[in-house]
Amino acid sequence: MGSNRRAPADARTDAGADDFGAALPARLTFTADIERSPGDPTGTRHLAATTALLDLLDEAGARGTFFILGEVADSAPWLVCDIAARGHEIASHNQTHRPLAALSPATLREEAHRARATLQDLSGQAVQGFRAPYFSLTPATEWAADTLLETGHAYSSSVIPARAVLHGHPAAPRHPFLWPGGLLELPAPIAQLGPIGMPILGGMYLRYLPAWDFRRFARRLEGPLAWTYCHPYDIDAGAPFHRCPGLGLLSSLFLWANRGTTARRLRAMLAGRSSLPLAERLEEARNIAGGLRDIVPGPHRDANAPPDPAFC
Ligand SMILES: [Zn+2]
């Protein structure tokens, strides 16, 4: 992985990356969503990029949680076996990469069941976790929590508890909580800056935030159970540019550029910290959620209502 051609420029623009994670908590769980790379005509770049992520974790002595798309598991079953053999938790990113709002409850039930069964068969692990594509568990799709419970999942990691560009649930708690049906939710850690809440520990934030800003925001991180998130393509610095289907030129450029910083920053964030899979932190999460049952969001909440301070 990686591109020697771009590396010097990345180093110049990422001054301070060595202590990038200085303000982060001592326990930080690595998570990744394993899916195909956007705009990749070969449909295979995510495979080598995932192996590079696994190597990075081995070097850091870290174990994490991999939310794997069922379609990826179907086409590359060896990848699931490799991730599991290297000590990581296998979790589900559903069968297809569509937001929950695009699915009916029946379709989600079928897809979630199928992906979980495939991942369990391949890994030999009891798959407990689910992450909705695009973090798309929002006020409009809260029904999904019961479907995930019915299909055997113990926890979800599908909520951005803030206003977000694509999907967000501003009224959701910023700590582990239980949905009314009993499913445990582990929401994305949020850094609040004025009126803006940002899930800074992954994705485009990790790629584009200047190191100094990241450290400043990290001191404002909310959520007692912190986890990072990324995709294989976030570290695929050698990927050629391709315009993504359905996206404009600028959006495609934004998705493609600045990938060289992510691996370096992940190394800095994991250095000297304990990273355990989410499945090994569920008791800790349940203890937090169990003590705060009274502030679980429910279907009575208005999707368009402003954030309730009691939930933030
Ligand atoms: Zn995804």
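**Figure 1. Contacts and secondary structure of the whole chain.** Among contacts in the chain between residues at least 6 apart in sequence, 80% join residues at least 24 apart; two residues are in contact if their C-beta atoms, placed from the backbone, lie within 7 Å. This is a predicted model, in which local features need pLDDT of at least 70 and side-chain atom pairs count only at pLDDT 80 or more, while totals for chains, interfaces and linings use all residues. Residues are numbered from 1 along each chain as its sequence is written. The chain holds 11 helices and 10 strands; helices (H or I, at least four residues) and strands (E, at least two) are DSSP runs numbered from the N terminus. Of its 312 residues, 47% count as buried. A residue is buried if 20 or more other C-beta atoms lie within 10 Å of its own, exposed if 12 or fewer, and partly exposed in between.

**Figure 2. Helix H8 and its buried residues.** Helix H8 spans residues 211-218, and its buried residues are Ala211, Phe214, Phe217 and Ala218. Seen down the axis of H8, these residues fall within an arc of 125°, so they line one face of the helix; the arc is that of the directions from the helix axis to the C-beta atoms. The buried residues of H8 pack against strands E8 (190-193), E9 (196-198) and E10 (221-222).

**Figure 3. The open sheet E9-E8-E10.** Three strands form an open sheet in the order E9-E8-E10, with antiparallel pairing. E9 and E10 are the edge strands, each pairing on one side only. Two strands pair if DSSP finds at least two bridges between them. E8 and E9 pair in the antiparallel sense over 3 bridges, and Met198 in E9 is the bridge partner of Ala191. Strands of a sheet pair through backbone hydrogen bonds, either parallel or antiparallel.

**Figure 4. Strands E2 and E3.** Strand E2 (residues 64-68) pairs with E3 in the parallel sense over 4 bridges. Thr65 stands opposite Glu89 in E3. From strand E3 (residues 89-92), Glu89 and Ala91 point one way, whereas Ile90 and Ser92 point the other way; all are buried.

Figure 5. Gly87 lies in the loop between helix H4 (77-85) and E3. Gly87 counts as partly exposed because it has 13 C-beta neighbours inside 10 Å. The C-alpha atoms of Gly87 and Leu54 are separated by 9.9 Å, although the two residues are 33 residues apart along the chain.
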